[in-house]
Amino acid sequence: MPVLVKLPLIVKDATVADLKDIDLLEDFVITGEEVFLDGPLTPRVAILDFDGTTGQLRESIPFEAARSEKDFGAYGFSRKPDDVGDVPRQLASVSVFGTVYKTMRMFEERDALGRAVVWSFEGPQLLVVPRAGELANAFYERDSHSLQFFSFRAGGGAFVHTSQSQDIVSHETAHAILDGIAPDLYNSISPQALAIHEGVADMTALLCAFRSRQLRKRVLADTHGRIDRPTAFSSIAPQFAEALKSSRHYLRNLLNTKSLKPDAPEKDRVDPSEPHEVSEVLSGALYTVVVNVFESLKRQYKEKGSADPSLVEKEEDAYSEAKDLDPRGAAVRASRRESGDARNLSDQEIAVKALYVAAERFKRTLYRGLDYLPPGDVTLADLGRAIIASDQASHPDSGDQRQWIIEEFVSRGMAGSASDLALATNYTHPAVTALDLPSFVESDWVAYQFANGNRDLLHIPKDIPFEVRPRLDVTKLYWHRDGEHEVRECLFKVSWTESEKSTTVGGLPPRRRVTVGTTLAIDWETRQIRAILTTEASAQREERDRLLQALVEADILQLGDHALSPGGGALHRAVRGDVLDGILRIRGAARMLHMDASPEA
């Protein structure tokens, strides 16, 4: 039987808590897990707290079960300052554990993915190391099944622990979750595909911050209800950044006008072959969409007392508000309650409500869009199409947010035009209508036969070998004008590889492998095609050349066993390239996101 466990979480980081004069900690309740053990440890997440001197695991933090059904379980951590830093070590470990779960829950909720997240590696547990050593960095690593958070001395000599930044912990957890949803991104050599990893992780850190009620109230009070100016929300990991350099006030700024357009103002231009720079184009666009939704909701609440259905359906609005007010963070069935007239609220209260509802509306759109992302070396335009198609299939009457997404993707050069992002949704096809979906989900052979017989539908080239991926049977929560609905989907992905000309710098082979593929989303009840999306890999050929060249010049790309340590494990500072029949294949390129000279979280 699931138990409720209450944990203290660090809000944002110590710098923000001091500047905003808010409590450093706030409670978060984990729901849905059946087993908690000393550690903290569950079947899905394990904290490994190593002693920096001996390398041995420190004593586990004991779990204290709830005394009654109305009570909460907890971890009995020590509050004494037993290590360098402002937060007691055991308290920090419990906070990391809770933040990992807070991030997982955002993805798993009924109105997002609607299922438990899975890891891309073999094994059920994500290993989390709060004190992995002395280094100005933090990263997710598939090979070791782990999140690793390091510590370093700031200019004044004080230790900064990356595990004590909610932004960084949530960001790295998002990398692990996204690797389970779209595992091809980890091996991609396309800058835009790698930028999706960074951009989604940054937006996840933002969504985590939005869920802090005290931070929302304080930031909105300080800015008179504005988020379209620099705030604690738009600044990612401020304490970490300032510790690296006193004049640097954030690791990345979500409030930006960065662009891929070559004729953009010089201050907004980015290097299209550098994933971190490209990610700022994506996160800047998505943050602007959140601002637009927030400002519109504020205006509608104040003028009419409720939101327009073109933006947020009435019961969707009520659902979000109820979830925000529920102290357990449970998915309250808001259709049983009426949302009050917002005109009765003060401007401050309207802003606090509007920001949470806007964040939840955006969360649903982004995370459900990730399910529609096709396999392979995807582009930002591929992501845009996936987000828009998923939202259009689910909320056909609520198109305001989609329009803002289209405008941002086009104006920043992530898509050539609005038509490049357009897709048909919710239509029939005889081959799909005739599918026996239970057999299709369960049998790889049935799925293969379907794909092979419908190559044109799935855009699979003639006579090329392909791979069918595991099918997903998922149910998600949606709202239409007639109320709340649960939509059951079958998500099918098929992939293949293509050979393309490659840079030969550093003695690399003249050709390389690129993965492409198709996602087919099917409505389980109607057998309609909700959407079909195929990778647009050819769009990034020149950028892949430049990225490979940069990896060779930095001595990060290693071929074959040269990428392995003497013990057979992957070298930390290496991306592996394998050559088969004279064609290069890159593995683990996402690891290079944390290997550059300027540390990134």
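Predicted model: local features only at pLDDT ≥ 70, side-chain atom pairs only at ≥ 80, totals over all residues.

Me: What kind of ring pair do Phe 97 and Tyr 101 form?
Reply: The structure holds 15 aromatic pairs. For Phe 97 and Tyr 101, the ring centres are 5.3 Å apart and the planes meet at 65°. Planes over 60 degrees apart count as edge-to-face. With its angle of 65°, the pair is therefore edge-to-face.

Me: Is Phe 97 buried or exposed?
Reply: A residue is called buried under 20% relative accessible area. Tyr 101 counts as buried, at 0% relative accessibility. Phe 97 has a relative accessible area of 0%, so Phe 97 is buried.

Me: Which residues make up the ring cluster that includes Phe 97 and Tyr 101?
Reply: The cluster is built from ring pairs. Besides Phe 97 and Tyr 101, these pairs bring in Phe 36, Phe 63 and Tyr 75.

Me: Let's turn to Glu 26. Is it buried or exposed?
Reply: Glu 26 belongs to strand 2 (residues 25-30). The cut-off for buried is under 20% relative accessible area. The value for Glu 26 is 16%, so Glu 26 is buried.

Me: With which side chain does the side chain of Glu 26 make a polar contact?
Reply: Beyond four places in sequence, Glu 26 is in contact with several residues, including Leu 7, Pro 8, Lys 102, Ser 212 and Arg 213. Pro 8 is 18 residues away along the chain, yet its C-alpha atom and that of Glu 26 are separated by 5.4 Å. The polar contact joining side chains has a distance of 3.1 Å, and the partner of Glu 26 is Ser 212.

Me: And the side chain of Ser 273 makes a polar contact with which side chain?
Reply: Ser 273 is found in the loop between strand 12 (252-253) and helix 7 (275-304). It is buried, with a relative accessible area of 9%. Leaving out residues up to four places away in sequence, Ser 273 touches Pro 191, Glu 543, Arg 546 and Leu 547. Its side-chain polar contact, at 2.8 Å, is with Asp 271.

Me: Which residues have the most contacts inside the largest nonpolar core?
Reply: This core has 132 residues. Apart from it lies another core of 26 residues, among them Ile 464, Cys 490, Trp 496 and Leu 520. In the largest core, the residues with the most contacts are Phe 233 and Leu 297.

Me: Why is strand 16 described as largely enclosed by the rest of the structure?
Reply: Strand 16 covers residues 511-523. Buried here means under 20% relative accessible area. The strand is largely enclosed because its buried residues number 11 of 13.

Me: Over how many bridges do strand 15 and strand 16 pair?
Reply: Strand 15 (residues 483-501) and strand 16 run in the antiparallel sense. Thr 497 stands opposite Thr 515, and Val 494 is opposite Thr 518. The number of bridges between strand 15 and strand 16 is 13.

Me: Which strand runs parallel to strand 16?
Reply: Strand 17 (residues 529-534) is antiparallel to strand 16, over five bridges. In that pairing Thr 518 stands opposite Thr 534. The parallel pairing has two bridges, and there Arg 512 has Leu 584 as its bridge partner. The parallel partner is strand 20 (residues 583-587).

Me: Through how many residues does a hairpin join strand 14 to strand 15?
Reply: Strand 14 (residues 472-480) and strand 15 are antiparallel over nine bridges. His 480 stands opposite Gly 483 in strand 15. The hairpin that joins strand 14 to strand 15 passes through two residues.

Definitions and conventions
Residues numbered from 1 in each chain as written. Heavy atoms only, no water. Helix = DSSP H or I, 4+ residues; strand = E, 2+ residues; numbered from the N terminus. Buried < 20%, exposed > 50% of the residue type's maximum accessible area, 1.4 Å probe, protein only. Contact = heavy atoms within 4.5 Å. Polar contact = N/O pair within 3.5 Å; in protein donor to acceptor, adjacent residues only side chain to side chain. Core = buried A, V, L, I, M, F, W, Y, C linked by side-chain atoms within 4.5 Å. Pairing = 2+ DSSP bridges. Phe/Tyr/Trp six-rings, centres within 6.5 Å; stacked < 30°, edge-to-face > 60°.
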